[in-house]
Amino acid sequence: MFDLKTLYQEVIIDHNRHPRNCHRLADADRVADGFNPLCGDRLTVYLKLQDGVITDAAFEGEGCAISVASASLMTEHLKGKTESEARAIFDRFRALVTGEEEAGAGLDKLVVLAGVKEFPARVKCASLAWHTLSAALKGR
């Protein structure tokens, strides 16, 4: 029997153990730092934009498995998106992990993090990279 929860857990574990885009982006146009004081997670998000399109995204830092996996999945998903698309994806992702939205339409692999809504303390872990992205998009 196919178990979707097991698959989602495997994706999260894989992105934690082998995070994608986990490096400093020396020529980033936008950079922001994020910190979750509840568990000590710290991330820096780097974005490279060209004509309003995210051509590269990366992060560095340390945190729990959910925080790192979320940042890894986020950077993969954002490449090629416009700034306005990235903001809309942030809104949909936040709605998904807080339980405001169930389907996660257009979020692709990001839906693996939907289960955190059952653990309110973990919502902050999953959304840290996203709030840091938001700050980077605002130029803060």
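**View 1. The buried residues of helix H3 in this predicted model.** Glu83, Ala86, Ile89, Phe90, Phe93, Ala95, Leu96 and Val97 are the buried residues of H3. A handy reminder for reading the view: an α-helix has 3.6 residues a turn, so residues three or four places apart point the same way. The cover over these buried residues includes three strands, E1 (30–36), E2 (41–50) and E3 (53–62), and also helices H2 (65–78) and H4 (120–137).

**View 2. Helix H3 from end to end.** H3 spans residues 83–98, 16 residues in total. From its first C-alpha to its last it reaches 23 Å, close to the 22 Å expected at 1.5 Å a residue.

**View 3. Cysteines without a disulfide.** Welcome to the sulfur atoms: the structure holds zero disulfides. For Cys22, the closest cysteine sulfur belongs to Cys64 and lies 14 Å away, too far for a bond. Cys22 counts as partly exposed because its relative accessibility is 37%. Cys64 is in no disulfide either; its nearest cysteine sulfur, that of Cys125, is 3.6 Å away, while a disulfide needs the two sulfur atoms within 2.5 Å. With a relative accessibility of 17%, Cys64 counts as buried.

**View 4. Pro37 in its loop.** Here we turn to the loop between E1 and E2, where Pro37 has its place. Pro37 has 60% relative accessibility and therefore counts as exposed. Between Pro37 and Cys64 there is a separation of 27 residues in sequence and 12 Å in space, C-alpha to C-alpha.

Definitions and conventions. Residues numbered from 1 in each chain as written. Predicted model: local features only at pLDDT ≥ 70, side-chain atom pairs only at ≥ 80, totals over all residues. Heavy atoms only, no water. Helix = DSSP H or I, 4+ residues; strand = E, 2+ residues; numbered from the N terminus. Expected span 1.5 Å × (residues − 1). Buried < 20%, exposed > 50% of the residue type's maximum accessible area, 1.4 Å probe, protein only. Contact = heavy atoms within 4.5 Å.
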